[in-house]
Amino acid sequence: MYRYDEFDHDIVQSRVAQFRDQVQRRLEGAITEDQFKPLRLQNGLYLQLHAYMLRVAIPYGTLNSKQIRQLAMIADKYDRGYGHVTTRQNMQYNWPELTDVPDILQDLADVEMHAFQTSGNCIRNVTSDPYAGATSEEVEDPRPTAELLRQWSTIHPEFAFLPRKFKIAVTASKSDRAVIRAHDIGIEIVRNDAGEVGYHVLVGGGLGRTPIIGVTLRAFLPRVELLPYLEAVMRVYNRYGRRDNKYKARIKILVQETGIEDFKAQVDAEYETLDPAEIAVSDSEVARIAAYFAPPEFEALSDEDAEFDAAYKADASFANWVDTNIATHKAPGYAIVNISLKPLDRAPGDITSDQMRAAGDLADEFSFSELRTTHQQNIVLPHVKKSDLPALFKALAAHKMADANIGLIGDIICCPGMDFCALATARSIPISQAISERFSDPARQRAIGEMQIKISGCINACGHHHVGHIGILGLEKAGVEFYQVKLGGDASETAAVGDVTGPGFSHDELLDGIDRLVDFYMSTREEGERFIDSYRRLGMAPFKEVLYGT
């Protein structure tokens, strides 16, 4: 994985020193909160409902064992003993004291981490496929491209004050685990008919108040043109994106109002004004970055493993975990391991400091010291020998990290909601936990099959409810929380925005309604159909009828 060079170190250390001074001036009253706000946001520090919240960047969701142990230390020393994995593969702390934040940033800098560009109207942390470098589906490892974009966008002087925040995701597989179609720019690494590797560039996706699925801007962009072309896109957005209304300031609105063909023409015209050679990086620099992501030295193994097969046959719990949490690895004899952060007794995405240390230790023992955070708010160990899976499963179980629910109804994406967020209008975590409890029977979860429930506590859609098979939006009216339901959303390569069913539900009504939806789906599905497939085949009407019990 990428290691900081001297420029990275200088940037991060200087930002720590700058922010230490800014915090000191705030504490002394030399600057007001209004003056301090843009400074803290540039360092990932929000002021939430009850306390400050610090969002730590994890570029493209990749971190090593030393870094996650440092995150555990920070959780214990400065917070309440846990962290929260976000849908953008970052880590949040919900209770830091302002006086401690400069020291936290220094502790992060000591392990080549930081928190800037995790907030504010800039290009945010670039995200990617958590299976990068491990799956046989990909054209190539997308992380070198993501790292190139990270370096290009970090403290880019021209794009530090955009009309609104800007999110980029990169994948190299047809199976979209990075939700690229719901990003301002989504990049899919592809190969053209001539066998050349380049980029399928999508633009104008996003969730929030106005959910839109991104559209193709360039079907194939040659590799060498990536940075100059994105520079042109950003300049057009920076020039024409609306600054008069924050709710219409994202690039998706500009693309919708302009039309994709006219927008593309504007980008092409801007591109013609550039000197691509001044912006593009050399082949040697691309190769230098890519070298940091060279595959680990996999052993030459058979994909058949007697020890694994014996454990699979002897232990039903292990077999269930393998069936749901393990993905196919590109190297024979290896597996990709998903660690669920969705137990019944915690908020989705929360991980304790002890579990962080355990994950780091297990990464050292079983996965070349490497971990990934996922958009789905879980953790991945990307390179585990199949023969090690029984031992890893036992170790995860000892730390309460062996829930076998990846991709099932209990694997819920959920924003912090009104328990933490100052913008939220309803609680989302209790709804998530109640649904998980209602469907806690592992056998029933497996019988239901793939199901994506996503919950947001307000219209800003941080819980991605627009693209959930069942999406739930918490709202408030006259002091009473209620929940609106969407059906048919999809965050994958067949992305779609869900359809609103109608009037909202109370907490209890919602649980019973979801129960009826699930029962109806299971009674009408055809062989091999997932919930989303049945919905697409049958349409809204029968699902709405059972949801409302009419």
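Predicted model: local features only at pLDDT ≥ 70, side-chain atom pairs only at ≥ 80, totals over all residues.
Local features are shown where pLDDT is at least 70, side-chain atom pairs count only at pLDDT 80 or more, and totals for chains, interfaces and linings use all residues. Numbering runs from 1 along each chain as its sequence is written, and side-chain values use heavy atoms, with hydrogens and water left out.

View 1. I189 sits in strand β8, residues 185-191 (strands are DSSP runs of E, at least two residues, and helices are runs of H or I, at least four, numbered from the N terminus). With a relative accessibility of 1%, I189 counts as buried (under 20% relative accessible area; exposed is over 50%, partly exposed in between; 1.4 Å probe, protein chains only). Leaving aside residues up to four places away in sequence, its contacts include V139, P142, V170 and Y199 (contact means heavy atoms within 4.5 Å).

**View 2. The five-stranded open sheet.** The strands line up as β1-β2-β5-β4-β13, with antiparallel pairing (two strands pair if DSSP finds at least two bridges between them). β1 (45-47) and β13 (350-352) are the edge strands, each with a single partner, so one side of each has no neighbour in the sheet. From one strand to the next, the twist averages 30° (axes are lines fitted to C-alpha atoms, for helices over the stretch in contact, and angles run from 0 to 180 degrees between N-to-C directions).

**View 3. β4, β5 and a helix on the sheet.** Antiparallel strands β4 (residues 82-85) and β5 (residues 91-93) are joined by two bridges. V85 has M91 in β5 as its bridge partner. Helix α13 (residues 353-366) packs on the sheet and touches β4, β5 and β13, with its direction at about 80° to that of β13.
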